Structures are given as C-alpha cells and as structure tokens.
Amino acid sequence: MKIRTTVAAGIAVATALALTACTGGSSSSPGTSSGDGKISGNISFQTWSLKNDKFTPYFEGVVKAFEKEHPGVKVNWIDQPGDGYEDKILQQAGSGELPDVVNLPPEYAYSLASSGQLVDLKKDSKVLGDYLEGGVGAYKFDGIDGSFGFPWYLGTELNYWNKDLLAKGGVAKAPATFEDTLDAAAKLAASGVATMSSVPSPKMLQIVGATDAIYKDGKFVFNTPKAAAVIDRYAKLYKAGAITAQALQVAGTEGSNVNIFNTGGVVWTTAGPNYIDKDVAVNAPNLLPAVDVTNGFGNPPLFVQGISVSKKSKNSAAAMAFAEFVTNTSNQIAFVKLAAGFFPGTKAANADPAAFAGTPINELQKAATSLAAKQMANAKMTGAPQYTEAMETYAKQQIALAVTGEISGKEALDKAVQYAQQNVAK
Amino acid sequence: MQRQRWFTPYLLVLPAVIWVFVFALWPFLNTVVLAFTDARPLRPARFVGLENFGKLFEDERFGYALSTSLVYVVVCVPLLTFLPLLLALLVHHKIPAIGFFRTTFYFPVIASAVVVAIVWEFLFSGSGTVNSALQFFGFVDRPIEFLSDRLLLIGCAVGLTVWKGLGYYMVVYLAALGNVGRELHEAAATDGAGWWRRFWSVTVPGVRGPIMLVSVLVCVGAIRVFTELYVLSNGSGGPGGRAMSMVMLIQSMGKGLNGQIGYASAISLVLFLLTLVPLAVVGVLNNSDTIKDALASRRVTKAARVARAAKGAAR
C-alpha cells in the first residue's frame, strides 16, 4: 500500500513539474547572449505582413545575398500575418522563442527591451551611427539604457480630400489648417455633407498641436484645455451632422474613416503617402479623380518600423550581421522602391531621394510622395512607449462619449489621463 | 491467464487525467492564482492580495460590463426559453414539407457568429440597410444610432443572439415534445381544455426538464456574451465602452504585450462565480422534489422524536 502511495505521489509531483514547465514560468530571467563572435549557424528572420507577390522576391534575394556573403549561415525567413502580430510576439517572447532578427514597431520593442529580450545595438553594433537620428531615437527609451532597433522604413501621414464633396458644400479649396478644417466642416454640414468619420484620439490631438506631449516626466499630460476645446468642438460638429454616425460606433478602432472616405461618405481622411497607388486606385478607382492631397497638419507624425535582434539568439553574431545587412543603405533603397511612399532609415539613403522614388502609377501619387518627402524633416513621433494601445482605446471610448455630448471634453480627457496613470507599467 | 498489475487501471486513466489537468484544471487554478497578482506579460508577477478585486469596484467599466451582461440575461432568458418552444410546437406536427421548415429554422445555428454579426452590422450601421430604408421613406432625418447608442446596441446584439439561437433550442424542445404523451392531450381535450390551457397544463409540464436546461444554458451563455457585441461595435464597446460585456472587458484588459493579466484574471474569477448562480438556482429547482422530500422526512423524524420525548416525559 505504501509503495502505491509513493508511486501515486511520484506521478503527481512529476505531472506538477511538467505543468510548471508548460507555463514557461521564468520569463523574467535576463536573456543570455551566447555565440562565439563567428558569423555562422542558423538564424530566423521575422517580418510583419510582407510575404506577398511584391515583397517575397525581394526578401528571398536579400537572404540569398547574405548567405552567399557568409557561407556558414542559413537564414530562415518567416512572415506573420497583419492581424494579431502583438500576440504572436508576446507568445514567442514568453516561450523564449523570439526570432533572432525581428521586425518590431517601437512600442513592441519597448515592452521587449524593458524585459531584457533585445540586444543593445549601441553596445553591440558599430554601424548605428549610419542611421537617421530620429529613427534611432524611436528605439531609445526613458529609463532603459541602450538603443534597441535599426530604423528600417519610415512613414508619415498626409491629408486627403474629396474635391467634389468640398465643392458641393461650397468650399472652394482644401483647408490648410486643422482650425480651417473644423470651420469648413461646420459649413459643409449645413449642405448635408459630412467631413469626417472619426473621433480625435490623444495621438491625433498631439498631431494637430492641441497637446505637446502624451507623456512627460513620468506623467500623462494630454488633458490640456486646448485638447478639451477640440473635443467640445467635435461634439458640436457631431450634432450638426459634420461627423458621421459610424464615427461613434467604431470608437476606439482604426481605419474606419479611410474606408468611409473610399465610399465617398466623407470629405477628409488622413492616410500614408502611398494611399493613392496602394488603396484608392485599387479599392475606389472611381473616386480617384476627385481626390486631392495636402500635407499633414501641425506636427506631422513619424511612423517608424525597425529591425531588432533577440538577446536569446544562439548565433548572435550572425543575427547582428544580418540585421545590419537587411537595413544597410542599398537594401533599404531597394525596399522602399517597392514600398512607394516610405522612406529609408539610413542617412546615406536619404541623401538622394531620387534613388528610391520609384515610378508612381498615378500622377497624384507623385504629388503625395513629394509632399511626404518635404514633410519628413518636421515629422515627429507621436504617443510614447509607455502609452499603450489599451490606453489609446480607453481614451477614444471616453472621447467618443464626449462627442455624443454626454460628458465634456475635459471630463473625457481627465478620465483617460487618470486611467493611463493607473495602468502604466511600473 | 496473467493477473493484471495493480497500477494497470491507473495507467489506463492517466492520459485522460493528464488531459483534464493540463487543459481544464491547471488553467483554472492558474487564473485563480493570477487574480491575486499584478501579472503582466514578460515581467515577474507580484502578489497583491485583494487589490485587483478592490480595483473592480472603482472601475466604472466593470459596472457597465456587469449591467450589460445582466441586461442580456434578463432579456435573452425568457425570449430564448419560450420562443423556441413555440417554434418547436409549430414544426412538431407531421405535415408535408415540414423537414424543409425545420431545416430553415435551424440554418442560422450553422452560420458563423462572426459572419452573421458582420451582416447585422451592414443592416444596422449608420449607412446600413435599415437606416437607408428609414431615410428613404422619410421616417427619420438622421440615421438612428443603432450601433452607438448603448441600449440600441445591446438590443441589436440580443436580437442577433435570439435569432441565431432559436433553431438550436427548437431542436432540444422537438426531442422533448416527442415524449409528451398524446393521450394526455386527448384526455385534457375530452375534459374541455382549449389549446392554451393544454399548452400550459400539459405541454409545459411535459417539457419542464428541457425548459430548465435551456434556460440555464441561455443564462450562462448570456452572461458570457462576446462575439455579437464585439463584432457589432468593432471591439470598441460603443462610446465610453459602455456596451462592453464582461468577456469583452477581460479580453481588452488582458491582451497584448502590456495586458494586465492579473486584473483580467480577477474579472474572470468574478464571471465564473456569477455563472455558478444560475446553475445553483436550477440545481435547487430541478431537485426541488428531492429537497422537499428530504425536508419532509426530517420534519417527520423530528416530530416523532418530539412525540417520543413527550411520551417519555408523560410516563
């Protein structure tokens, strides 16, 4: 009987141990950088939604060229679908299987860097100085020493207008400032034309200059009187019919405004510089002749995608070499030639914009690309690494409520700031 | 014949036990433990006692989520308990082509909830079919905010749940209706009972068990509603997130690299306890006869004891 109990207890303990292993418990332990400094071995390289007819040949070419240069290395290129990338990264990092070289936007890089999962490029790479300072800065985080991503491709946002709808409402020219846009919206609403289908988010309030920063000196600071006034103005415009009903039903989600713009439902949308060739010409070709493009308002946003190196890479030298290779000037130029409207992340590549301009399909795309190129010099990162998607969603929910008129703009922003302050990772 | 070793039966059940442990018990226990920590992905968790539960009371979104789920229960339970029964009565009779109607009523069940919800979004959005029709006929000037007004949004989601659930519960009732004796109906009819009277006095008591089962399934399902509200509001829960359900709140709090897993686990735990309530109520109602008998027998025993004691004292 005693033997049976012992065996049963043994099985129970073994199961419990196996289960503990399942949870991957000690994710907090710092990663160890192994490797003997020799560029060899197998490495994995992960991109985000870039495996398609356009980009696959490019990446295959890059991988082949690198493998030729370093015969001992085998690069396994994997691509993740657009949706759920954050969850995928979390799952990979949690199970200690983050790809050796990985495409990360700055906010994901911040989470991984703060849990010690990424290599400090400032320490380990000799070529970091070759990249644009703004781009490198996007991967430096308050409170964490180091730099955690090579800027890969950069973008910004432009304003797009429906000229036909503007004319219908008696507005002759596309508004030049955000203030003018709100005035025009009120005028257009009187003719039954809706100007937009979105509610402002804190990041958007930062772009239009209603708040200087989202997070400053350990505090969230986007509840400025100016920002509250913008929201109150939106509430009035909503009542007047300048904002569609759909704007509120999708509060907190992205992309709805541009979709409604594509159906000819609203006058104004913001979108990336490649919107003309990539989106409207494909999804709404009939609308194309009516579209006009102008530069972004106030502080145009800077979007950065970067390449980071996992600290847990078994072949860290090869991983670092590949990360540098894929983001070097010639590879970046070749990449942005395919991704019209984006800009490369190295100083040398940006010295000659003609080299990567590519051939636009539509005339308007040419105008958009040129506007974007001029705008890039002033473009600034919006948000803050500490400002998470959940905080942005909460803020948008509250702002949507303010737009219905149930609460004031100030109340909405105060609540959003309070929520962000309570939920910031300490 | 060789005798089996003592551990053979244990070995045979071991795979099933491990399966249950890994995929049911362990995640559950893990959630309970996490509910008392400030766990976030990729960071070490710290024990925080009841802090997460205290936070629940201050979080107005939790209050809205709770009330959304309760409204869902209050509206869905009667609708999905009785409408499928009426539908089942309708298709219970053996008439030509009844199979066609049964299949048609069952169709929404097979359709994917997400696809159906997207179709409903087309119908009810600001520029959707319903609003376009209302505007075309001049009933309204501005689109009705079906998907942004809190109650209208919940109403649309309830409509979707009911429409999609009717067929499933109809089948449950159809099976049960087959067991209600025809002779009971005939006897009641002979005694002069009309259709309504027979429905309440013969049919309903005949399917009492399935009614209980259906109502508890609907109740638990309604507390845990997610897909309908999520798709109809594009995950936003409407202005202020006021039309979020409990599960939507758990999802929005727990997801991503900065997800608050500890807090989300605390909400999950509360949700679990809430789903126990209807189960307990049905448990009591279903066993009411047994409970009554037990109480009665206790009373009898007590009375007998008292009588015996009184008799003893008299002597």
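Analyst: In this predicted model, the contact between the chains involves 35 residues of chain B and 40 residues of chain A, where two residues are in contact if their C-beta atoms, placed from the backbone, lie within 7 Å. On the side of chain B that touches chain A, the largest share comes from helix H1 (residues 8–34) of chain B, with five residues. Helices (H or I, at least four residues) and strands (E, at least two) are DSSP runs, numbered from the N terminus. By class, this side of chain B has 17 polar, 13 nonpolar and five charged residues; Ala, Val, Leu, Ile, Met, Phe, Trp, Tyr, Cys and Pro count as nonpolar, Asp, Glu, Lys and Arg as charged, and the others, Gly among them, as polar.

Because the model is predicted, local features need pLDDT of at least 70 and side-chain atom pairs count only at pLDDT 80 or more, while totals for chains, interfaces and linings use all residues. Residues are numbered from 1 along each chain as its sequence is written, and chains are lettered from A and ligands numbered from 1 in the order in which they are written.

Chain B has 14 helices and zero strands. Its radius of gyration is 26 Å, whereas a compact globule of 315 residues would have one near 20 Å; the radius is taken over C-alpha atoms, and the globule rule is 2.2 Å times the number of residues to the power 0.38. The C-alpha trace of chain B spans about 85 × 65 × 65 Å along its principal axes. Of its 315 residues, 33% count as buried, a residue being buried if 20 or more other C-beta atoms lie within 10 Å of its own, exposed if 12 or fewer, and partly exposed in between, with C-beta atoms placed from the backbone. Among contacts in chain B with a separation of 6 or more, 69% are between residues 24 or more positions apart.

Chain A has 19 helices and eleven strands. Its radius of gyration, 24 Å, is close to the 22 Å that the globule rule gives for 426 residues, so chain A is as compact as a globular protein of that length. The C-alpha trace of chain A spans about 85 × 60 × 40 Å along its principal axes. Buried residues make up 49% of the 426 residues. Of the contacts in chain A between residues at least 6 apart in sequence, 75% join residues at least 24 apart.

One sheet of chain A is open and has six strands in the order S2-S1-S3-S10-S4-S11, with mixed pairing; two strands pair if DSSP finds at least two bridges between them. Strand S2 (73–80) and strand S11 (343–344) of chain A are at the edges with a single partner strand each, so one side of each is left without a neighbour in the sheet. Helix H2 (residues 56–69) of chain A packs on this sheet, touching strand S1 (41–48) and S2 of chain A, and its direction makes about 160° with that of S2(A). Here axes are lines fitted to C-alpha atoms, for helices over the stretch in contact, and angles run from 0 to 180 degrees between N-to-C directions.

Six of the seven residues of strand S10 (residues 303–309) of chain A are buried, so the strand is largely enclosed by the rest of the structure. Strand S3 (residues 101–104) of chain A pairs with S10(A) in the antiparallel sense over four bridges, and Leu104(A) has Gly306(A) as its bridge partner in S10(A). Strand S4 (residues 150–155) of chain A also pairs with S10(A) in the antiparallel sense, over five bridges. Phe150(A) stands opposite Ile307(A), and Tyr153(A) stands opposite Gln305(A).

A further open sheet of chain A has three strands in the order S8-S5-S9, with antiparallel pairing. Strand S8 (268–271) and strand S9 (291–294) of chain A are at the edges, each with a single partner strand, so one side of each is left without a neighbour in the sheet. Neighbouring strands of this sheet are turned by 30° against each other on average, direction ignored. Strand S5 (residues 158–162) of chain A and S9(A) share four bridges in the antiparallel sense, and Tyr160(A) has Val293(A) as its bridge partner in S9(A). Helix H17 (residues 363–375) of chain A lies across S5 and S9 of chain A, running at about 15° to S9(A).
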